[in-house]
Amino acid sequence: MNRKLLVALVLTVVLVGGVLAGCAKGGAPEPGEGEAIIIPFGTCSCLSGPYAPWGLSEHWAQEIIVDDINEGGGCWGDIYGHEPGFRVDGQLYKWNLIAYDYKIDSAESVKVINRLVYEDKCKFIHVFVWVALYPNRDTLEENKIFVSEQGMGEDIIGPEFPRTFRFLQEPNTNAAALVPYLHDELGFNTCCIIGDDTADGVVYSTEYGNWMRQVGMQVLSEQIYEPGTQDYTPYLTKAIAENPDLIAGLKVDAPLMGMFVKQARELGYEGEIFMGAPFTWKELVETCGGMENIEGLLSTMMIGEECPLPRQKWLRDEYIARHGEMEWDGSIVDRADPIHMITLAIEKANSLDPDAVAMALESMESPELKSFYGDPCWFGGETVFGINHDLVTPAHLIRVTNGRPVTVATLTPPRDYY
Amino acid sequence: MELFPQALAGGLGSGCLYILVALGLSIILGVMKTVNFAHGEFVMLGAYFTFYFYSLTGMNYPVAFVLTLVTLFALGFGLEKAFFRPVRGNMLAGFILTLGFSILLLNLGFIVFGTKSRGISGVFPGMLELGSVHTSVEKVATAAIALGVMVALLYIMYRTKLGRSFRAVSQDSEAAQLQGVNIGNIHSFCLAISLALAGAAGALLGIIFNIYPTMGTRPTSLAFVIIVTGGLESIPGTILAALLVGLVESFVSLYVGGEVSWGAIFLMAFLMIVFRPRGLLGRDRGFLGRE
């Protein structure tokens, strides 16, 4: 054979072989003694687009938790006394966080989930809101993936999805905890509710309205507006004309909460305002038209600046160290729960099998289960969804005091309600 | 608090801002015979430019406002020569071009400006109580500025040679060309003024509302309704329809419900198309807009 042709053939075989070896996605190499097996934790997240403020903060919180579990320092090691990583049958494991951006687009979420399941071989996947969950149900169920979700929506959890858990404060448990306090302790007897015309918005308005009536408050009006509205003036005008003790802006989009409060003050309203949905403190401050507008504002879905629990303070310090103080707000704490709790459940189940982990997790509660949001916590939801896969945590009522969000009360929902 | 005067004030205030958004769209449609689907994105650009000029560089607001208008005016000139001129006369190409611009600018907005909401604050601080109407200084001021810009535009359109050329090209571009009007220059000025109006709208909206990349979508949807209701290519009709839309939105939201306010606005436009296709003050062009 021609010498040049032979050399070319050999080089081609070597090149092709090298490419194929590089592309091969085999399992992790057999660990040496004492070495940890790295297993993937996938997240279908929102790292760009209009939901990036929540998606990015969630991703950053997850990174902190994964690093903390793997390194055994900070919270996992110092506060909870764990060694680095987690063990199943004596074998040490560590997480590899794999995050892809689905841009709050359903079609994109299908690509992301397929990649996480079939290429990255993830058996544990976190999904940012229902937009990514609904179109991928079949894939996730057929491959028996353990799914954690943090968002509202119908049919997120149910007996037909035995490995899906939700890690978010539901408006009904939130309302069940907060509304009695608003009435009994803060003395609010009348309220006007304003919320957006989305599925979540309607749930918020309905649940809060029901609980208000139940405790004896008078709901003077319930108004809903088109999503995306920035001009709340007509709704606030109508509410203010009713002369309520409290105006509840429920499920107002987080970046617009400052706008809501600002417009209420522009209409001459000097009374109390309660915001009942997640927001970011930084955006509230930047868009409220002056700190005097939000002084005294009542809100929930975040803890106050003081972060009373050591693990909350640790998370805040770690988050600020990595991303700066301007990126922190108290609503971030609950984003750290999923990976943390799933790891605890794996250790309790002593198994990486998603079904076993699901069974372990649904039976866990404080003090065995620890939520960054506070104690006690447990998994409820059976009365509504037929399965206890919805994380129930305390509700925090905060009030803006001297320009900072301060915790007024930490309230536990009634145990038998949900 | 009395509801009627509050709704009236709110509706008129919104309507003044809608005038600016809709006029830009109307002028482009009338002169260039093009629907600018990216109009909302230029509103967004105007808001962000003003935000950066005012909030980050410390310029005072009037300077930032004028600079925004000048920037978008220049941008319009350049865009017309580079992109719109080659497709002049081809309606489908113009449609696709502006749609492409819309998608491009929106996504660039997310990349360049980020996703967090911004606001232009502290420009016109203070509250006002005008009889039984509660409002803010910034709402009154932005409405007044919007009216001022509108008056300036009307002056250009009806008192200057440029405006006469616009109207001539709008009526019959070939005849205008025969009269010595340079169509290319007129189209450049047209797009430049349209974008400057969009920028002005954005600069004012940014004071009252939050600034974010998709902020232009809603006012632009309303702008389309406005130019249909007022009459295609009719500036007085656009002005009247903008005020009407603002009032309908305000009163329906207050007295019926916010969830039906948009439905009411679009119903109004639908009825206008069915029963009076030329709009409130448009020319009688027959069903398909032909003489």
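Which residues does Ile247(A) touch, not counting residues up to four places away in sequence? In this predicted model, Ile247(A) touches Cys192(A), Ile194(A), Ala239(A), Ala264(A), Gly271(A) and Ile273(A). Ile247(A) belongs to strand E9 of chain A, which covers residues 246-250. Because 25 C-beta neighbours lie inside 10 Å of Ile247(A), this residue counts as buried; the threshold for that class is 20 or more. A second residue of the chain, Thr343(A), is 96 residues away from Ile247(A) in sequence, and the distance between the two in space is 41 Å, C-alpha to C-alpha.

Domain 1 of chain A consists of residues 37-169 together with residues 308-395, and domain 2 of chain A consists of residues 171-300. Taken over C-alpha atoms, the centres of domain 1 of chain A and domain 2 of chain A are separated by 29 Å. Twelve residues from domain 1 of chain A and 13 residues from domain 2 of chain A take part in the contact between them. On the side of domain 1 of chain A that touches domain 2 of chain A, six residues are nonpolar, four are polar and two are charged.

The description now turns to the contact between the chains. Chain B contributes 30 residues to this contact and chain A contributes 31 residues. On the side of chain B that touches chain A, at least two residues each are supplied by helix H1 (3-32), strand E1 (127-130), strand E2 (133-136) and helix H10 (235-255) of chain B. The element that gives the most to this side is H1(B), with five residues. By class, the side of chain B that touches chain A has 16 polar, nine nonpolar and five charged residues.

There remains the confidence of the prediction. For the complex, the predictor gives an ipTM of 0.79 and a pTM of 0.79. Chain B has a mean pLDDT of 89, and 97% of its residues reach 70 or more. Among the elements of chain B, the highest mean pLDDT, 94, belongs to helix H3 (residues 61-84) of chain B, and the lowest, 86, to helix H7 (residues 173-178) of chain B. Over residues 286-291 of chain B, the pLDDT is below 50. Beyond near neighbours in sequence, this stretch of chain B has four contacts in the model.

Conventions. Residues are numbered from 1 along each chain as its sequence is written. Chains are lettered from A and ligands numbered from 1 in the order in which they are written. This is a predicted model: local features need pLDDT of at least 70, side-chain atom pairs count only at pLDDT 80 or more; totals for chains, interfaces and linings use all residues. Domain bounds come from an automatic or database domain assignment. Two residues are in contact if their C-beta atoms, placed from the backbone, lie within 7 Å. Ala, Val, Leu, Ile, Met, Phe, Trp, Tyr, Cys and Pro count as nonpolar, Asp, Glu, Lys and Arg as charged, and the others, Gly among them, as polar. Helices (H or I, at least four residues) and strands (E, at least two) are DSSP runs, numbered from the N terminus. A residue is buried if 20 or more other C-beta atoms lie within 10 Å of its own, exposed if 12 or fewer, and partly exposed in between; C-beta atoms are placed from the backbone. pLDDT is the predictor's confidence in each residue, from 0 to 100.
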